[in-house]
Amino acid sequence: MMFDSLLIANRGEIACRIIRTARRMGLTTITVHSDADRDALHVRMADRAVAIGGAAASDSYLRLDRIIAAARATGAGAIHPGYGFLSERPELARACEDNGIAFVGPNARAIAAMGAKIEAKRLAEEAGVPCIPGYSGEDQSTDNLARAAREIGLPVMVKASAGGGGKGMRAVHDEAGLEAAIDAARTEAERAFGDGRLLIEKLVRNPRHVEVQLIGDKHGTLLHLFERDCSVQRNHQKLIEEAPAPGLFPETRERLFEAALRLGRAIGYDSAGTVEFVMDAVTQEVHFLEMNTRLQVEHTVTEEITGLDLVELQLRAAAGEKLALTQDEVTCNGHAIQARLTAEDASAGFRPDTGKVLLWSPPAELRCDAGVKPGAEIGAAYDSMIAKLIAHGPDRDAARRKLLSGLDRLEVAGLATTRLFLRDALASSDFAQGKLTTDFIARIWPEGWKDGWQAPKADGLTLAAAALASKPRAAATPWQALSGFRLLAQAGCPARATYVDAAAPESRVVLETRGAGCWQTIDKDGEMQEIAAQWTGPERLRIARDGVAESFAAAHHDGRIWLCGPGTEIACAVLPLGDLGQDRSAGDSASPERIAAPMPGLVVEIRVEAGDRIAKGDTLVVMESMKLLMELKAAADGRVAEIAASERDTVEAGRLLVRLEPVDGA
C-alpha cells in the first residue's frame, strides 16, 4: 500500500524535483534543512520542514540520527534520500526498516555490495561483467600501491574505493607524481567519505563514460531504460549528459544492457540505479566502472526519452508495487541533453564561487530542475550545482540546438556560473559531431576555457559604466531621481566623467554626455563610440552602440554591475573616478609575494613556517571549498615572511594567507 507522506533527506534541486512528483501523487511532503538552508526553495515548497542542524553537512544532512528523528516526529511513511549525502549508506536503509519507514531506494544488501569499489569490482567479475585490469588488494600502503601501478603499467587511475563524484581520483601518467597522487587521493577520500582505501586501474585511452539506467521492483523484475553518455567532465565530475549515447554500435548497446542487467540481478536490485562503464571510443570495448545505487543527477535525460518518471517508479517500488511495464514496452523517443549549471568560474579552472543569486530566469522552452530563486545564497558548504537545464528533440542535433538557444536566453547573475562555457561546449564542432571522450575539455581548450565572467570583452567596462550612469537614482524628489548627467545635458552643459574598474584601476572609460541617456566614449587611442542606455525595468537594460541595440538582464548590487545577455556576461565593480579611494588603487593587487585565498573556504593545511626558503611551484597552503581541495603554490622562489592564517580558519576570498619575500638571487 502506498504511504501517504514522504520525507526528503536532501536539499536543493533534487529535493524540489522529488517534491513535484510526490505532490502529483498526492503525498504530503516533508523536508529537512540545515541552518544555512532555512529559507531555501525546497523548504518553502514542502508541506512541512524540520531543522536538523548547522550549515556543515556533517552537522545536518549527514546526521542519520536526526533524519530518522525528523521522520518519526512528523510521522513520515517513507524517506527518499535523493543523491549524495546519505543516499548510498546502507545504514539509512536499515534504520528505515528498523523504524517501520519505507526506504525509497534499493535494499541495504545491494547498497552495501556496491558501496565500495573494491567489493563491487569483485562481484562484477563473478557475474561475468568485463572489468578494467587493476589492483584492489588489502595492502593499502603507498609503497605497495605504487608497486602495483608499475606492474599494471602507466598510465593508471588511482581512485577511492568509497563514494563518487570524482573525489579521491587521480590520473597518473609518469613515475614522478605517482606517490604524491596516491597520498593526495587517499587524503581526499578520507575527508569526503571517511574511507581512505584506494584501488589502481589501468587508464583506458580514448575513454568515453557511458552508463545504463536500471529500474527494479521487490517482485524480481529488473529492466533497463537505455543508456546515457556522460563524457563531458571536469575534475572527473559530469557537466553535460545525453541519452541515448551517440554513435554506439547496436552490438555495443546490447553488451551494455546485458552486463548491467547481469550485475543488477546478481545483487537482487529492486529500485532505480545506474551501472557505469568506461568505453574505448575507438574500439567500443566496455569495462565496468561502478554502480550507483541511487537516483542519478542525469536521470532527467532518461525520463525525457522514455516518458517515464523515475521518482514515481522509485516510490511505487518502495511501496511494494510491481512494475507496470515490461522491457518491450520501454521505448526510446528522440534525444535529450542535459547541462549542469554550476557556480564556478570556468575561465579559472572551474574554481567554485559563492554569493547571492541576483537574477534567475530560466527559458520556458527548456526543462529546468533548479533549487534556487532570486535572492538565494550559494555558499561553500555544499555542492556548486545551481540547476540542470534539459532539452528534448526529435534527434540529437535538434536537442543540441534547443539547449544552445535556451542557454543564450537563461538569465542568471550574482556570481560566476558555467553558462557561457556550456554554450561554447555545445556549439563546438567536436560535440556536434559526437566526438566525445572524458578529455573533451582539455582537447578543445588545451590552455583552458578563457571567455570568463571576470574577463569581459574589451567594451565590458564601457557597458557597465553606461549602465551605472543611466540607472535611475532613488531620491526624495522626481528631479533627483533622474539618471546621471541628465540635468546637465538638458541645460546644454556637456559633462564628462571617468569610470574605472575598481578591481583593475588602470582600466578606465570616459563618458561625454550627448543627451539624456546618450554618451560618446573616448578610448585610450582616441577612437569614439556613440552609446545610449536605458533601464526599461528594475532588471532590464537596453544599450545601443553606434545604432545597434542589445537587451540585457541587469542588476546593481554591492557596487557591482551585472549584465547578462546572449553570449555575454559582465560582472564589473565600476565606479566614478571620484569614488575610488587612494588605498584601493595601490598596494592591494595580487603579486607573487601574496598568497591569498582564491575563493571563500577552509584552510586545511599550511605546509610552511615563517623563515622557510621555498622554490617556485612548492605547495604552501591547501584549501577546501565546496568539497574540493586546492593547492596554493609559490609563483617564484623566496622566503616565508609571514603566516597570516591558521589551519581550520574559514577565510573569505582575497584573504592574505602567506606573505613571501625575495631572497638573494631570487
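## A buried arginine in a strand

Helices and strands are named here as DSSP runs, a strand needing at least two residues, and they are numbered from the N terminus. In this predicted model, arginine 228 belongs to strand β11, which covers residues 222-234.

Is arginine 228 buried or exposed? Arginine 228 counts as buried because its relative accessible area is 0%, where the cut-off for burial is under 20%. Its side chain has polar partners: a polar contact of 2.8 Å links it to the side chain of glutamate 211, and another, of 3.1 Å, links it to the side chain of threonine 274.

## The nonpolar cores

The largest nonpolar core holds 68 residues, and within it Phe3, Leu6, Phe277, Phe288 and Met291 touch the most other members. Apart from this core lies another, of 38 residues, which includes Leu239, Ala339, Leu389 and Leu436.

When neighbours within four places in sequence are left aside, leucine 6 is in contact with a set of residues including Ile18, Ala22, Leu27, Ile30, Val104 and Leu315.

## Helix α1 against helix α11

Two of the contacts of leucine 6, Ile18 and Leu315, also take part in the meeting of helices α1 and α11. The axes of α1 (residues 12-24) and α11 (residues 310-318) come within 9 Å and cross at roughly 65 degrees, and the crossing is right-handed.

On the α1 side the residues are Arg17, Ile18, Thr21 and Arg24, and they meet Val311, Glu312 and Leu315 of α11. By class, this contact comprises three nonpolar, one polar and three charged residues.

Methods. Residues numbered from 1 in each chain as written. Predicted model: local features only at pLDDT ≥ 70, side-chain atom pairs only at ≥ 80, totals over all residues. Heavy atoms only, no water. Core = buried A, V, L, I, M, F, W, Y, C linked by side-chain atoms within 4.5 Å. Buried < 20%, exposed > 50% of the residue type's maximum accessible area, 1.4 Å probe, protein only. Contact = heavy atoms within 4.5 Å. Helix = DSSP H or I, 4+ residues; strand = E, 2+ residues; numbered from the N terminus. Polar contact = N/O pair within 3.5 Å; in protein donor to acceptor, adjacent residues only side chain to side chain. Axes fitted to C-alpha atoms, helices over the stretch in contact; angles between N-to-C directions. Left-handed = near helix turned anticlockwise from the far one by under 90°. Nonpolar A, V, L, I, M, F, W, Y, C, P; charged D, E, K, R; others polar.
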